[in-house]
Amino acid sequence: MRSILVLSIGLLATVAAGSIYSRFGSASSEGGEEPDGELWALLAAGSNGWYNYRHQADVAHAYHVLKGHGVPESNIIVMMYDDIANNKDNKYKGKIFNSPNWVDYYEGLKIDYRGEDVTPENFLNVLKGNASGVRGGNGRVIESGPDDRLFIYFTDHGAPGMISFPNDIMTTKSLNDALNWSNKNKRFSDLVFYLEACESGSMFEQVLPSTINVYAVTAANGKESSWGTYCENDRHLPCLGDLFSVNWMEDSDVEDLTTETVGQQFNIVKKETNASHVCHFGKMKTESDPVSWFQASIFIDFLAKQQILQKYSIKHRLETSVPSREVEIRYLEKKLRETNDSDEAEMIEERLQEIKTKYAHARRTMKSVVSVMFDDAEDTKEMNAERRNSYMEKNEESSVIYFPECHHKIVHTFHKLCVNPSGDMEYYLPYIYVLNNLCNAEAGRTHTIMESIIEQCLIKSI
């Protein structure tokens with residue numbers, strides 16, 4: 001412990017001398033002096049539940065990254081369900097960790113919207129500065145103007161063209177409409193958005209224009225999973241973080257953000273997150289700006305709490321990483337292998353079977369919608385099966401949202417009518433691409449798709 005303390009003090013002394021061990025020797029060529037205006041941040045974890053530990057840990061860490069670099073608490077707005085730190089399964093009550101350094105990121109964290117107040121509507125109204133539109137929480141919104149910069153970070157589950165909230169969803173249309181509205185109404189000079197979710201690239205691909213002042217980075221492209229990391233740890237907790245998120249935050253923890261550019265951070269994180277394809281969209285000129293313009297630049301005592309900031313290698317993070325949709329299953333399987341308690345083993349086996357059953361039900365439901373829409377009584381059984389299978393298959397177009405209006409309407413209708421309101425949406429996420437296939441097949445027309453969803457999930461269920 002003594003050597004750790006000495007190293008931490010040495011790091012702080014180096015920082016104070018203005019010579020932190022940065023990989024970047026000079027400020028950006030186009031960045032120049034820091035622009036006028038304030039820096040605002042919105043940090044949101046869209047999940048709840050013990051096995052989604054990593055999402056709230058990511059947000060808690062992000063809060064301290066920003067605060068530790070000098071963003072005032074009054075300019076950071078946090079949304080998270082807040083059911084992890086004091087969860088019955090948490091042996092470390094009141095603490096949340098984001099890496100095996102075991103820094104408690106829950107300490108000092110200020111949450112503005114928690115529990116049932118973590119909604120898409122609140123997220124978008126906070127972003128747009130619409131205080132009259134928020135419900136619950138403390139009512140805080142981003143009070144930015146045309147000279148201000150915004151940093152938005154969101155982490156949770158996702159699917160083609162949508163991201164999840166505890167009891168609801170947000171589509172690419174809703175998000176990009178808000179970004180475009182905010183840009184048009186001069187709510188910022190520049191906005192940087194970091195998004196951690198499976199298939200997160202689909203939230204911006206072909207949708208976010210390069211002509212507005214928004215730059216977005218996603219943990220994955222539109223076709224693949226993002227990854228949890230630090231899933232093997234000596235405190236036997238679920239995955240402590242997400243690979244993309246841990247990579248950008250651990251980079252920001254140690255670099256001089258006044259000399260590292262947004263583009264340089266993107267390239268570092270893209271290289272280190274090699275279990276998925278990190279993507280960027282929007283205003284590429286932002287990559288020439290220093291990261292400090294969006295995450296601030298002051299080094300204070302927060303660094304002392306990091307102990308050995310780069311202790312865990314990229315190799316270690318990758319070796320302890322798991323596809324996001326498999327986190328709970330892998331965790332339970334490990335517990336099952338290790339337990340000597342027959343009652344606990346039985347409970348775990350029952351939960352694993354329940355997960356398997358729910359995924360199977362979700363696939364059957366989606367296949368039934370396709371069947372209602374395309375099966376023809378005059379065709380043979382084999383012909384109908386072949387047609388169904390063609391729409392159930394993923395293809396190059398499945399993750400690209402060519403018809404945002406259709407996608408928005410169909411996904412919300414399916415969520416409302418077909419998904420158990422108790423929170424089963426995560427089991428349908430692997431099959432949301434099918435709904436986008438239907439929008440593509442109908443060239444954006446919604447009538448027939450809507451009829452099929454209503455018949456399968458409303459009429460047949462009565």
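Predicted model: local features only at pLDDT ≥ 70, side-chain atom pairs only at ≥ 80, totals over all residues.
**Entry 1: Glu-338 and its partner**

Glu-338 counts as partly exposed, because its relative accessibility is 46%. I then looked for its charged partner. Lys-334 forms a salt bridge with Glu-338. I noted 2.7 Å between the closest N and O atoms.

Is Lys-334 buried or exposed? I found Lys-334 at 18% relative accessibility, so Lys-334 counts as buried. The cut-off for buried is under 20%.

Next I checked where the pair sits. Both residues belong to helix H9, which covers residues 327-338. Lys-334 and Glu-338 are four residues apart there, so about one helical turn separates them.

**Entry 2: A pair in helix H10**

I moved on to helix H10, residues 342-374. Here the side chains of Arg-351 and Glu-354 meet in a salt bridge. I wrote down 2.8 Å, N to O. How far apart are Glu-354 and Arg-351 in helix H10? They are three residues apart, so the separation is about one helical turn.

Which residues are linked with Arg-351 and Glu-354 in a network of salt bridges? I found Glu-328, Lys-358 and Asp-424 in that network.

**Entry 3: One further bridge, and the count**

I looked up Asp-379 next. Asp-379 forms a salt bridge with Arg-387, and their closest N and O atoms are 2.5 Å apart. Arg-387 has a relative accessible area of 22%, so I filed Arg-387 as partly exposed. How many salt bridges does the count come to? I noted 22 salt bridges.

**Entry 4: The annotated active site**

I turned to the UniProt record. This unreviewed entry lists His-157 and Cys-198 under "active site". The two are spread over 42 residues of sequence, yet they cluster in space. The largest C-alpha distance is 5.9 Å.

I took His-157 first. His-157 lies in the loop between strand E3 (149-155) and strand E4 (158-159). His-157 is buried, because its relative accessible area is 9%. Which side chain does His-157 join through a polar contact of 2.8 Å? I found the side chain of Asn-52. Asn-52 is also on the contact list of His-157, which leaves aside neighbours within four places in sequence. That list includes Arg-54, His-55, Ala-197 and Ser-324.

Cys-198 came next. I found Cys-198 in the loop between strand E7 (190-196) and strand E8 (214-218). Its relative accessible area is 2%, so Cys-198 is buried. Leaving aside neighbours within four places in sequence, I noted its contacts, among them Asp-156, Gly-158, Glu-224 and Arg-325.

**Entry 5: A sheet of three strands**

I finished with an open sheet. What is the order of its three strands? I read the order as E10-E9-E12, with antiparallel pairing. Which strands are the edge strands? They are strand E10 (241-242) and strand E12 (322-323), and each pairs on one side only.

I looked at one pairing in detail. Strand E9 (residues 227-229) and E10 run antiparallel, and two bridges join them.

Methods. Residues numbered from 1 in each chain as written. Heavy atoms only, no water. UniProt positions renumbered as here; feature names shortened; annotations may be inferred. Buried < 20%, exposed > 50% of the residue type's maximum accessible area, 1.4 Å probe, protein only. Contact = heavy atoms within 4.5 Å. Polar contact = N/O pair within 3.5 Å; in protein donor to acceptor, adjacent residues only side chain to side chain. Salt bridge = Lys/Arg side-chain N within 4 Å of Asp/Glu carboxyl O. Pairing = 2+ DSSP bridges.
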